[in-house]
Amino acid sequence: MVEQAPLAIFLSPHFDDIALSCGGVAARLSRMGARCVGITVFAAPAPEGVSLSPYAVDMHDKWEKASGATVQAINDVRRDEERAALRLLNMEPVWLDFPDAPYRRGEDGHYFYTSDVDLFGKIAGEERRLLVPKIVAEIRRVVAEHGARGRVRVFAPLGVGHHVDHQLVFLAARRLGPRYGVLYYEDYPYAARPGALEARIAELGMPVQPRLTPVTDMIGLKIAAIARYKSQLDVLFGSSDEMAPAVRGYAQMVAQDAPLVQMAERTWSLPSSYTLG
């Protein structure tokens, strides 16, 4: 019987988070023979027949300006970008049917997140209670469908920067249990902001252990993957020209205390069970 390749699951709140935060790790694992699957959690398009909030319309305007897409096509454009990026990293894409934060509304019909303050603030109580268990169930379904036989490693966002979608995926990953071997990646580019990573670790209030993965030989591939997300580069980096130097600079900073390593990505190991204050 042929032994099945180990399964690596990368949880991405949005199209682009894998390439941005852990594209080097994904590329390395794939080259080592692991079966790498990227699950984009909030991948559903804007709901049809419903007026978007002014905040969501503004988001669309920025994406369309960068990509040339129409409001109706922007989700398709972002999916095409994701396909191209994950193809470079030799990963299988899986898209869950949850909409992005600015599209989501409560049972009373009101949008949960209508400003940057909301988007990078507290998770709506209704979503913490109802949405997190649904995300957990979908992750477990995907793992089961990909035939994992106990050999699985999940990579999830640490929640640096406090984007509510990243927080929700973090909370879902915490519920998966020890068999999933969850490691938490630094949410880039949020983690590049001075003090953001330290603030998140302090907020968690638990012992954490960093793990460095050398990515010097993978950095070109990672940058090429990030470059596929044309609709996002201006928003994230100011311009496409500023992206590559920023990515290299952060990878060098992460590796600065590791001897003989020029560039690295960092993941974090957390205790398997805790209570977040």
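Q: How are α9 and α10 oriented to each other in this predicted model, roughly parallel or roughly perpendicular?
A: Let's start with the geometry of this predicted model. The axes of α9 (residues 230-237) and α10 (residues 240-254) come within 8 Å and cross at roughly 70°. Angles of 65 to 115 degrees count as roughly perpendicular. The two helices α9 and α10 are therefore roughly perpendicular.

Q: Which residues of α9 and α10 make the contact?
A: α9 passes α10 in a left-handed crossing. On the α10 side, the contact is made by S240, E242, M243, A246 and V247. On the α9 side, the residues to look for are L233, D234 and F237.

Q: How many nonpolar residues does the contact of α9 with α10 have?
A: Sorting the contact by class gives two charged residues and one polar residue. The nonpolar residues in the contact of α9 with α10 number five.

Q: Which aromatic cluster does F237 form part of?
A: F237 of α9 is one of the residues in the contact with α10. F237 also belongs to an aromatic cluster.

Q: Why is the pair of F120 and Y190 edge-to-face?
A: The structure holds eight aromatic pairs. For F120 and Y190, the ring centres are 5.7 Å apart. Planes over 60 degrees apart count as edge-to-face. The pair is edge-to-face because its planes stand at 75°.

Q: How many residues apart in sequence are the parts that F120 and Y190 tie together?
A: F120 sits in the loop between α4 (116-119) and α5 (125-145). Y190 sits in the loop between β5 (183-185) and α7 (196-204), so the pair ties together parts whose separation in sequence is 70 residues.

Q: Is Y190 buried or exposed?
A: Buried means under 20% relative accessible area. F120, at 28%, counts as partly exposed. Y190 has a relative accessible area of 13%, so Y190 is buried.

Q: What is the orientation of α5 and α6 to each other, oblique or roughly parallel?
A: α5 and α6 (residues 164-174) have their axes 9 Å apart and pack at an angle of about 60°. Angles under 35 degrees count as roughly parallel, and 65 to 115 as roughly perpendicular. α5 and α6 are therefore oblique.

Q: Which residues in α6 meet α5?
A: α5 passes α6 in a right-handed crossing. From α5 come E127, R128, L131, V132, I135, V136 and I139. By class, the contact has eight nonpolar, no polar and two charged residues. In α6, the residues are L168, L171 and A172.

Conventions
Residues numbered from 1 in each chain as written. Predicted model: local features only at pLDDT ≥ 70, side-chain atom pairs only at ≥ 80, totals over all residues. Heavy atoms only, no water. Axes fitted to C-alpha atoms, helices over the stretch in contact; angles between N-to-C directions. Helix = DSSP H or I, 4+ residues; strand = E, 2+ residues; numbered from the N terminus. Parallel < 35°, antiparallel > 145°, perpendicular 65-115°, else oblique. Left-handed = near helix turned anticlockwise from the far one by under 90°. Contact = heavy atoms within 4.5 Å. Nonpolar A, V, L, I, M, F, W, Y, C, P; charged D, E, K, R; others polar. Phe/Tyr/Trp six-rings, centres within 6.5 Å; stacked < 30°, edge-to-face > 60°. Buried < 20%, exposed > 50% of the residue type's maximum accessible area, 1.4 Å probe, protein only.
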